[in-house]
Amino acid sequence: MKKIGLVLLVVMMVVIPIPAENEKISTPSNRFFVLDNGLKVFLQTKDHIPLVNIVFAINLGSKDEDENTSGLVHLLEHLLLLGPTELHSADEINLEMRRYGCQFNAHTSHDSMTFELSLPAQYWEFGLSILEEKLFRFRFSQQLADKEKEIMSF
């Protein structure tokens, strides 16, 4: 089984390319580090813009599929983005995100599955906690899977 790499980016304005692991970042407003569990984190601060953009990328994309599994990564991305968690229904999460002014989206490419959350900077802790809940406390819903497969022409 292939190892899935995870990347977390927290940016105060825009997402920028993650630097190479050996590249030094010279400004005090930029930090790159790798946690003990292998999670790569890049922080960039822009104090004049009161927003935070949190991006979580998983090293899993269409490159990891074959003719029998084609489209499953994209389906998983839809289920994680739109589905319920162990703690809340999808409607409850969406309502709470709206209360905090969150924009939440995701996409799948050849190389990765990426989740992006943007919200006012003062709510960054809520942003991290709701993203953690969506991605790590996901509850599978057969009904949602069937609906998404129909939409995606599976």
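Author: What follows is a walk through the aromatic pairs and their surroundings. This is a predicted model, in which local features need pLDDT of at least 70 and side-chain atom pairs count only at pLDDT 80 or more, while totals for chains, interfaces and linings use all residues. Residues are numbered from 1 along each chain as its sequence is written, and side-chain values use heavy atoms, with hydrogens and water left out.

Rings of Phe, Tyr and Trp (its six-membered ring) pair if their centres lie within 6.5 Å, and planes under 30 degrees apart count as stacked, over 60 as edge-to-face and the rest as tilted. By this rule there are three aromatic pairs. One of them joins Phe56 and Phe136 edge-to-face, with 5.8 Å from centre to centre and 90 degrees between the planes. Because Phe56 belongs to strand E4 (residues 51–58) and Phe136 to helix H3 (residues 124–136), this pair ties together parts that are 80 residues apart in sequence; here helices (H or I, at least four residues) and strands (E, at least two) are DSSP runs, numbered from the N terminus. Phe56 is buried, at 6% relative accessibility, where buried means under 20% relative accessible area, exposed over 50%, and partly exposed in between (1.4 Å probe, protein chains only).

Tyr100 and Tyr123 also form an edge-to-face pair, at 4.9 Å centre to centre and 85 degrees between the planes. Tyr100 lies in the loop between helix H2 (90–99) and strand E5 (103–108), and Tyr123 in the loop between strand E6 (113–120) and H3, so the pair ties together parts that are 23 residues apart in sequence. Tyr100 is partly exposed at 24%, and Tyr123 is partly exposed at 32%. Together with Phe126, Tyr100 and Tyr123 form one aromatic cluster.
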